[in-house]
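Hello,

Here is the structure I promised to pass on. Please have a look, and my notes follow below.

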Amino acid sequence: MNWKFRIRKPQHGTMLTWELYFPPGTSSWVGGKVKEILDNVPLPNQPEANVRVFSEKIKIENANSHQITYLLFHGYFIRDLRLVIARTTDWDTSSEKRESEWERILTEAVSIAKPLFLSPDIKFYEVKENLHISFFENEITVSISVLGEPGYKRGIKANFPTSAPIPEDLAHILMEECFEVFSVPKHKVNTVYIPFAGTMTFATEWKLNEEKIPFLSLPRDFVWKKLNLFPTKSFDHFSKKNKEQNKGHQSFTPIVLQDTDPALEPYWTKEFTHWRNIIHVKSIDQTISDFLRTLPVFPEADPNQTHYFLPLNPPYGYRKNERTGPDEVLYSKIGNRIATLSKQFKNDVSLIGIILCPTEEKWSDCMKELRNFSKKTIHVTHGGIDLRVLFFHSEGQSERRSN
C-alpha cells in the first residue's frame with residue numbers, strides 16, 4: 001500500500017490532525033465552543049491549534065494529546081472525535097469497486113493503528129471497528145475514533161421502549177445555547193421544569209453539567225484511554241483543577257419531571273437508584289400528570305433565582321399517550337399553556353426554555369401563542385426529521401432566526 005501520509009510513533013506533545021463530528025445543524029455553536037476550550041487549556045506552552053469549521057465536521061490541526069484531552073474533558077457536545085492516521089491516493093476510484101477498495105484500505109490501516117494501543121494483545125477486529133474512511137476527490141483519509149461508541153451514549157441511562165428522546169449531545173447543546181441566546185446565567189434558575197419528561201434526557205444533561213462531571217469520567221469505555229497517546233498526568237491535573245474550582249458546591253437546582261405515561265414511574269425509580277452512584281438525585285421530583293392541565297408544586301421562589309427553565313420535547317411521533325386532542329392543535333395548546341403560566345408567574349419568576357417543533361406549521365402554532373416572548377429559532381436534524389428549535393424567554397419581545 002502506498003501511503004501519502006501515515007502516523008509514526010506520535011508522542012503526547014506531537015501536533016496531529018483530528019476530525020470532530022457533532023449533531024447536524026449545530027456547527028456554529030460547536031465550532032465556537034471548540035475554539036474556546038482549546039484557547040484555555042490550563043497547561044503552559046501549548047501550540048495554537050488551527051480550527052476549521054465545516055457543515056458536517058470540524059478539522060482540528062496542530063493539536064496535541066494534552067489539548068485533545070482537555071477538549072474531551074468538556075466533550076458533552078461531541079458525537080465523535082477521530083485522529084487522522086493515514087492518507088492515500090492509491091486506490092481504484094471506480095464506483096463498482098469503491099466498497100471493496102475501502103474495505104481493503106481499512107484492513108491495511110489496522111497495522112498503522114494497532115501500535116497506538118497500550119495493549120499489545122489488542123485484537124484485529126477491536127482496532128478495525130474503530131477505523132473510519134472519508135474522501136475528497138481522489139484522496140482517502142483514514143482516522144480512528146478516540147471515543148469508540150458515539151458520544152451521546154453516556155453510560156448512565158437505560159432505554160425505554162416507547163420513548164423518542166433526542167440524543168444527549170444535542171440536548172446538551174440546545175440547553176447551553178438557550179441560556180447564551182438570552183444572556184441568562186444558569187444560577188438564576190430556580191427550577192428546571194420538564195414536561196414530556198420521557199427518559200429524562202434533559203434532566204441527566206442538566207445534572208451532569210451542573211455537577212461539573214468530566215465527560216471522560218462517565219461510566220463508559222473510551223478508546224482514548226486505551227491509546228498510548230492518552231496523557232494520564234494531564235487528565236489528573238485537569239481533574240484536580242476541576243475539583244478545586246467546584247469545591248464546596250452542594251446547592252443543586254430542583255428538577256420537576258412531568259409525563260402522562262404511568263409506565264415511566266417505575267422506570268424513573270429504577271434509574272434514580274442507578275444514578276445515585278454518579279449524580280445527586282434528591283433534588284429531582286416527579287409527577288404523572290398532564291402538562292396542559294396540571295401544574296406541579298414548585299419550590300419556594302428565591303429572590304436571587306428569577307427563572308423557571310422549561311425544555312420541551314413534545315410527542316411529535318407515534319409515541320405514548322400525551323396527546324389530549326387532535327395532533328394539529330397540540331403545539332398551539334403547548335404555546336398557550338406556556339403563555340398562561342408566564343402570566344401566572346409574572347410577579348415572581350420569568351420563563352426560559354426550548355420547544356422542539358417537527359414541522360413549520362407546529363412551529364408557527366407556538367410562535368403565535370408566544371407573540372409577547374423573546375424568541376430565536378434554529379434548525380437541527382434528528383432521526384431524519386428537520387426540527388425547528390424554538391428558544392423562548394418571557395422577558396421582552398424580539399424575534400431572531402438563524403440557520
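Which residues in helix 1 and helix 2 meet? Val34, Ile37 and Leu38 in helix 1 meet Gln67, Tyr70 and Leu71 in helix 2, where contact means heavy atoms within 4.5 Å and helices (H or I, at least four residues) and strands (E, at least two) are DSSP runs, numbered from the N terminus.

Before the rest, a word on the source: this is a predicted model, in which local features need pLDDT of at least 70 and side-chain atom pairs count only at pLDDT 80 or more, while totals for chains, interfaces and linings use all residues. Residues are numbered from 1 along each chain as its sequence is written, and side-chain values use heavy atoms, with hydrogens and water left out.

The protein chain averages a pLDDT (the predictor's confidence in each residue, from 0 to 100) of 91, and 93% of the residues score at least 70. Over residues 317–324, however, pLDDT stays under 50. Where pLDDT is low, the predicted coordinates should not be read in detail.

Now to two single residues. Threonine 191 lies in strand 8 (residues 189–194) and counts as buried (under 20% relative accessible area, 1.4 Å probe, protein chains only) because its relative accessibility is 0%. Among the residues that threonine 191 touches beyond four places in sequence are Thr253, Phe298 and His307.

Asparagine 313 lies in the loop between strand 11 (307–312) and helix 9 (327–345), and at 7% relative accessibility asparagine 313 is buried too. Its C-alpha atom is separated by 8.0 Å from that of proline 195, 118 residues apart along the chain.

Best wishes

Terms used: Buried < 20%, exposed > 50% of the residue type's maximum accessible area, 1.4 Å probe, protein only.
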